[in-house]
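Here is a walk through the aromatic side chains of one protein model. Please look at the sequence and the structure before reading on.

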Amino acid sequence: LLLLIGQGPPPPLAAVLNRLWFCFLADQQWWDRWCPSANQCCSRKKAFQITKSFIPILEWLPNYRVKEWLISDIISGISTGLVATLQGLAYALLVAVPVGYGLYSAFFPILTYFFLGTSRHISVGPFPVVSLMVGSVVLSMAPDENFLLVSSNTTGLNKTLIDTESRDAQRVLIASTVTFLVGIIQLVLGALQIGFIVRYLADPLVGGFTTAAAFQVFVSQLKIVLNVSTKNYNGILSIIYTLIEIFERIGTTNIADLVAGLLTIVVCMAVKEINDRFKHKIPIPIPIEVIVTIVATGISYGADLEKKYNAGIVKNIPRGFLPPVPPVVSMFSQMAAAAFSIAVVAYAIAVSVGKVYATKYDYAIDGNQEFIAFGISNVFSGAFSCFVATTALSRTAVQESTGGKTQVAGLISAGIVMIAIVALGKLLEPLQKSVLAAVVIANLKGMFMQVCDVPRLWRQNKVDAMIWVFTCVASIILGLDLGLLAGLVFGLLTVVVRVVEPQGVKILQFSSPIFYANIDGLKSSLKSTVGFDAVRVYNKRLKALRKIQKLIKKGKLKATKNGIISDSGVANEAFEPDEDPEESEDLEIPTREIEIQVDWNSELPVKVNVPKVPIHSLIFDFGAVSFLDVVAVRSIRTIVKEFERIDVRVYFASHQDSIVTKLEQCAFFDDNIRKDIFFLTVHDAVLHIKSQIMYKDIQDPIFEKVRIINHIFYDFTETSRPEDELDVQEEVCQCI
């Protein structure tokens, strides 16, 4: 690697490690000599298992079923190779490099992924979204304005030309350098086991991003189909500026290119629809891109469209392979941010597609190993003038639907691309660029159809629909790199907003079963979460109510339905030191009542330190609670009653059906605790609470009603036991 980037020979440590590894492979007794005792270090078997995890081909190739799979892989490889050849040429237009370099990008990445990849079905190579992201870096660092030449003709007038040879060489170098840097980033992320990073790319975010990318790809290829020259815009609103200039110069459209492009789009989309509808009857999908390309090349060559109609053709496709070229390390700082975005997006696309087929065929792919596999593939291919590789959905679908069983099909497809590079490239030189652009546009149908997901998302979850729309619009306006970042930040913000507790509501989540051993911890956690002790609040309120009742009896306070009013000019004897010990009386005693309204969170006319209760609702999130025992049911029932008597409603959410069954068996429900406090999700519970608050605001906007004791207070004795304090044996009997 160091030799490749021109930094001198490998350090001695690398040479030593290489020598040690060679000795291990060459001499079977080396490991025994290095580790004479199996108890002192790892065994050779363990070392081989670790090696297989880094080189997965050692796992699946010895088990390859030649008689069953080889024919299928050959047929699949040939079909996929033909498609990969055409798509490689087409996607090179997105990177703004000569189309021949697309063939290299469809060949080299497969070679390394064959040994290191864990997916058996994905077809490795260029993908339009990733190619466009690389192209945006290329165009920003090597615009046409940097390669202008001034020449004079026989009339003495100066004419500005573009040095296309120097421009293309520089763009190829930039594209390969980006690819090399992307590979290094992916290698580092894989080595650090950061495969989980794609979890933050939610499906709505990816859907909106890829749809916006499809729109940008469409616009970039539209000017090629029309053969209209425009400036290369980059950054914010670049796609808008490009569209405006295309329509301003629509009069310069080349009719031959337009007709060829439109026919290609119509034919390709029609045949692809036939392939989809009759895929169970057609053994092999019709390779329409290959057929259209062959026909279009023949027509262009026979009719000499370049000379007669000034059609834009491919012209030069280099034959054979180019020698490896080291990347320009000094460019890394200018492209680091974009390279990181490309690395993550390319990996996310490949892993997402790979998981679909891994699930279908019942095998697993290793996310971190995929990072390493694509990292090495991009480092390797970047040295051979390629652009970033991932996987293409349509190409992978061809490889799987034509019977591909393993990456042997991918290797054979690389052989087909190699034949095109070595022998057939010259035959494709008369091909119109508009045909290649039309092939790209025809393959965007699946990404554009993601727009149909928005109504469904809106019905299921409006926040997810907003993420989709925001990411799509941001990616179109700001560009793909900034748009992806904006969508990611917006998505994370919506997560924060969705978990923020509404005012007056506390959400307590339990992450384990609840039983006798952890119930005390649950009660402590509950107190710290809500910020008060419900029993203490209850007792303090009772004490305050007694003092208020005494003052009312003495005529020093007036109780009205609008609140408690103190007579002016009368000393308030209730303001005395709060030195009475906590009393354990129960309020559930016979009383004669009058209803008044008291705001317990405001200043009271008596000097009793009543703790404030800043909440009106408490939600228990039971999503991770798998079971409850008898002690837990009894304690939770007591907790509910304690909070209810200080006017805090308790709700339960995200519970399993077995939890409700257990509560029913243990006589949890009664006339006061009903099943209408249970909800499927926390969100549903919050919505219910908000609706109740709105109704309460209409009925009673400020105060909460409490009961005031008017006459005699009865001492609560041990003989009058409340019904919720059942004996454990009674609870067990009820649960049987």
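**Aromatic rings and their partners**

Lys675 is placed over the face of Phe669, 5.7 Å from the ring centre. A charge sits over a ring if NZ of Lys or CZ of Arg is within 6 Å of the ring centre and within 35 degrees of the ring normal. Arg120 also has its charged end over a ring, that of Tyr363, at 4.3 Å from the centre.

This is a predicted model, in which local features need pLDDT of at least 70 and side-chain atom pairs count only at pLDDT 80 or more, while totals for chains, interfaces and linings use all residues. Residues are numbered from 1 along each chain as its sequence is written, and side-chain values use heavy atoms, with hydrogens and water left out.

Rings can also pair with each other. Rings of Phe, Tyr and Trp (its six-membered ring) pair if their centres lie within 6.5 Å; planes under 30 degrees apart count as stacked, over 60 as edge-to-face and the rest as tilted. The count by this rule is 30 aromatic pairs. Phe218 and Phe448 are edge-to-face, because their ring centres are 6.4 Å apart and their planes stand at 80°. Phe218 belongs to helix α10 (residues 203-226) and Phe448 to helix α20 (residues 445-448), so this pair ties together parts 230 residues apart in sequence. Helices here are DSSP runs (H or I, at least four residues), numbered from the N terminus.

Phe470 and Phe490 are stacked, because their ring centres are 4.3 Å apart and their planes are at 20°. Ring pairs also join Tyr101, Tyr104, Phe107, Phe108, Phe321, Phe380 and Phe384 into a cluster.

Conventions:
Helices (H or I, at least four residues) and strands (E, at least two) are DSSP runs, numbered from the N terminus.
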